[in-house]
Amino acid sequence: MALLEVKNLKTHFFTRNGVVKSVDGSSFSIEKGEILGIVGESGAGKSITGFSILGLIDSPGRIVEGEINFDGKDLIKLSENELQKIRGDEISMIFQDPQTSLNPVITIGEQMMEAILYHKKGVSKKAAYEACVEILKTVGLPAARKRMKSYPHQLSGGMKQRVVIAMALLNNPKLLIADEPTTALDVTIQAQILYLMKKLSQEFHSALILITHDIAVVSQLCDKIAVMYAGRIVEYGSKEDIIFNPLHPYTKGLIECLPKLNDEKKRLYQIPGIMPSLLGLPQGCYFKNRCEFSDDECDTYPLQQEINGRIVFCHKVK
Amino acid sequence: MSQSEVKLLEVKEVEKIFGVKVGAFEKKDLHALNRVSFDIYKGKTLSLVGESGCGKTTVGKVILGLYQATKGEVIFRDRDIAKLTPSQRGDIQKDIQMIFQDPYSSLNPRKKIKTILEQPLKIHTNMTKEQRKEAILLLCDDVGIDYSYLERYPHQFSGGQRQRIAIARAMILKPELILADEPISALDVSIQAQILNLMMDLQEKYHATMLFITHDISVVKHISDYIAVMYLGEIVEYASKKELFANPKHPYTKMLFSTVPDIHTPLATESVLKTGEIQSPIDLPQGCFFQNRCQYKEESCMQTHPELYDSGENHLVRCPIVLQKVGIK
Ligand SMILES: Nc1ncnc2c1ncn2[C@@H]1O[C@H](COP(=O)(O)OP(=O)(O)OP(=O)(O)O)[C@@H](O)[C@H]1O
Ligand SMILES: Nc1ncnc2c1ncn2[C@@H]1O[C@H](COP(=O)(O)OP(=O)(O)O)[C@@H](O)[C@H]1O
Ligand code: SF4
Ligand code: SF4
Ligand SMILES: [Mg+2]
Ligand SMILES: [Mg+2]
């Protein structure tokens with residue numbers, strides 16, 4: 001049985017201007033030790049998918065439908081109290097903005113110890129302290145012991161992100177959700193952090209959901225990929241299928257428009273137009289107005305198709 | 001540097017030092033730029049590549065006049081403008097325009113798009129109202145802005161649309177030099193390609209010269225003629241695009257190439273990444289600035305600060321160790 005199985009998840013926001021269907025019928029699953037990538041452009045619903053799993057959706061938003069089966073329980077049915085015990089323990093999340101995960105007025109050491117002591121009641125302060133130093137070493141933070149006494153602002157962006165990852169790993173979670181963990185970092189530091197996350201997920205046998213807009217990053221790290229567009233998954237399958245044999249026109253376009261190091265061509269392939277607002281979605285396929293293959297058939301939303309284990313939503317894929 | 005190329009702007013030994021507070025009473029020098037030199041040729045694109053904080057924006061702001069250089073010269077039309085503010089630059093001011101990284105904060109939120117585009121024409125030309133309108137509409141066609149946008153405000157647009165507007169604002173005076181500071185990094189991937197193509201089209205149409213600033217080396221392949229790689233406030237490698245991509249020499253450039261995420265290459269391995277911290281521009285080390293992250297480091301790298309050295313055909317490299325290995329030095 002999969003460690004996490006999300007079925008037909010719908011998370012909607014009931015705003016004054018209408019219902020924003022941020023996540024509208026997503027289904028995916030992840031096994032122990034597996035890495036799943038969720039890609040898509042800004043506003044596609046990636047973060048809200050992650051927040052939904054953790055039960056972090058606030059009003060005017062609400063999970064309106066679906067199941068989130070994690071390790072034998074449906075998280076949607078749990079109370080806030082029960083969820084709090086799981087968050088930061090069995091499931092932890094690295095948020096898009098590292099600033100939000102670190103309290104600026106408390107030392108790194110104190111914040112980390114608090115995270116252990118909250119979930120592990122029997123642990124002594126001294127043991128917690130040593131565990132923190134250990135994990136900071138594991139994530140490759142230079143001068144780890146000394147850094148326990150540092151405040152967040154005394155660290156560089158890459159160092160802060162290492163601390164955030166260390167905190168997420170403290171209680172050896174079964175599932176780690178990382179939302180754009182390296183977007184704010186330089187490529188050389190990004191490569192270090194990605195390498196580290198891959199190594200740690202192998203060592204700890206934890207599952208990882210990597211949320212990013214960068215399909216190249218996803219291809220380097222993930223076993224499976226879900227491509228989101230305007231609140232819905234449009235294609236979902238193994239990394240090999242999605243990257244090297246994409247079937248959905250949007251996935252194809254995303255890969256085609258990447259600048260390539262080994263490409264002599266001057267102009268880049270471009271997808272015309274922009275993703276529609278979730279309050280003004282077109283009738284039929286949401287990608288219709290940007291798609292070179294669209295015709296009358298696309299005026300109805302395509303049904304789910306399964307092709308050799310890959311899921312795709314497009315009329316023209318047969 | 002082929003003889004046929006004409007220099008539009010020369011940056012010579014430019015230094016920029018900021019005084020920063022490091023404690024309640026202590027102030028220290030932050031060396032944002034250390035003896036930076038390069039030429040920009042007419043009609044060509046020079047890309048400045050390097051990671052966050054290495055001084056790329058500072059170079060752009062010195063050229064634009066938003067910062068005054070501490071030392072060195074910036075020669076444009078036979079004048080040294082390195083220490084002049086925009087208002088001291090007279091006529092030259094309108095010939096250098098900048099496109100900023102963040103399309104959200106770079107446009108005045110209280111002004112209609114029409115006003116944003118018309119203002120530079122009012123200040124710097126004596127066009128009539130009709131002529132200004134004509135010029136704006138023509139440019140709208142070029143950058144893909146719908147005429148109806150002109151009556152709206154910046155917040156009513158997406159990041160990509162705003163960047164088109166910012167490009168239009170930079171182009172409206174037909175500047176000779178465009179400084180583009182990370183113009184696509186805040187945009188979604190599918191929009192990045194649109195804007196990059198647009199910039200290349202406009203450059204061709206208006207024969208503009210461009211300094212393209214980016215942290216993303218995969219992007220520069222498409223847009224540059226020459227590339228300068230920066231690290232901690234100095235240029236560590238300079239070459240034509242073709243030469244740099246075929247034959248990157250400096251250890252930092254090689255590290256950049258090997259860590260760019262790419263669907264056809266696996267994740268960089270541990271050996272490339274076994275590196276120390278980036279040094280701070282406040283307490284620069286003796287010797288090579290890249291020493292803590294360099295896998296080719298030798299004893300001598302910690303003593304002497306390396307100079308930029310021409311390894312042939314104007315391919316400049318700031319690393320004696322790699323040059324020795326290929327038998328150049
Ligand atoms: N006004 C200022 N006062 C003090 N320090 C400054 C100032 N402007 C820039 N710096 C410092 O100068 C160095 C170079 O800054 P710059 O903004 O040029 O970097 P960059 O390469 O553009 O980085 P990024 O990609 O993050 O924008 C940095 O260490 C920065 O903190
Ligand atoms: N609190 C909220 N109220 C209304 N809409 C929201 C809220 N939070 C997110 N949304 C909308 O949900 C969509 C998906 O958001 P998000 O998951 O954050 O996107 P991203 O893929 O960039 O992470 C967006 O259209 C966003 O505007
Ligand atoms: S369903 Fe039609 S519009 Fe949608 S992606 Fe497929 S071909 Fe394009
Ligand atoms: S001078 Fe030495 S430390 Fe610097 S880049 Fe060359 S080999 Fe590395
Ligand atoms: Mg997000
Ligand atoms: Mg900058």
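**Notes on the A/B model**

1. Let me start with a contact between the chains: Asp201(B) and Arg267(A) meet through their side chains in a salt bridge, 2.5 Å from N to O. Bear in mind that this is a predicted model. Across the interface of chain A and chain B the rule finds one salt bridge, so the cut-off matters here: a side-chain nitrogen of Lys or Arg has to lie within 4 Å of a carboxyl oxygen of Asp or Glu. There are also 12 residue pairs in polar contact across the interface, with both residues at pLDDT 80 or more.

2. Which helices of chain A supply at least two residues each to the side that touches chain B? They are α8 (187-204), α9 (215-221), α10 (239-244) and α11 (249-256). Of the elements of chain A, α8(A) gives the most to that side, with 10 residues. Sorted by class, the side of chain A that touches chain B has 24 nonpolar, 10 polar and 13 charged residues.

3. On the overall extent of the interface, 47 residues come from chain A and 42 residues from chain B. The area buried between the two chains is about 3,900 Å², and carbon and sulfur atoms give 60% of that.

4. Now to the sheets of chain B. One is an open sheet of eight strands with mixed pairing, and if you walk across it the order is β6-β7-β8-β3-β9-β10-β12-β11. Its edge strands are β6 (96-99) and β11 (309-310) of chain B, each of which pairs on one side only. Inside this sheet, β7 (residues 177-181) and β8 (residues 209-214) of chain B run parallel and are joined by five bridges. If you want a landmark in that pairing, look at Ala180(B), which stands opposite Phe212(B) in β8(B).

5. Two helices that pack on this sheet deserve a look. Helix α1 (residues 56-64) of chain B touches β3 (45-49), β6, β7, β8 and β9 (226-231) of chain B, and its direction makes about 150° with that of β6(B). Helix α8 (residues 251-259) of chain B touches β3, β9 and β10 (234-240) of chain B, with its direction at about 105° to that of β9(B).

6. Chain B also has an open sheet of four strands, antiparallel in its pairing, in the order β2-β1-β4-β5. Here the edges are β2 (27-41) and β5 (79-80) of chain B, each pairing on one side only. Strand β1 (residues 7-21) of chain B runs antiparallel to β4 (residues 71-76) of chain B, and five bridges join them. In this pair Glu10(B) stands opposite Ile75(B) in β4(B).

7. Helix α1(B) turns up again at the four-stranded sheet. Here α1(B) lies across β1, β2 and β4 of chain B, running at about 70° to β2(B). So follow α1(B) from both sides when you inspect the model: among its contacts in the eight-stranded sheet are β7 and β8 of chain B.

8. Finally, two backbone points in chain A. Most residues other than glycine have a negative phi, and most peptide bonds are trans. Against that, the peptide bond from Ser59(A) to Pro60(A) is cis, with omega near 10°; Pro60(A) sits in the loop between α1 (46-54) and β4 (61-70) of chain A. Asn8(A), although not a glycine, has a positive phi of about 45°, and Asn8(A) lies in strand β1 (residues 4-15) of chain A.

Definitions and conventions:
Residues numbered from 1 in each chain as written. Chains lettered and ligands numbered in written order. Heavy atoms only, no water. Pairing = 2+ DSSP bridges. Contact = heavy atoms within 4.5 Å. Axes fitted to C-alpha atoms, helices over the stretch in contact; angles between N-to-C directions. Buried area = accessible area lost by both parts, 1.4 Å probe. Polar contact = N/O pair within 3.5 Å; in protein donor to acceptor, adjacent residues only side chain to side chain. Nonpolar A, V, L, I, M, F, W, Y, C, P; charged D, E, K, R; others polar.
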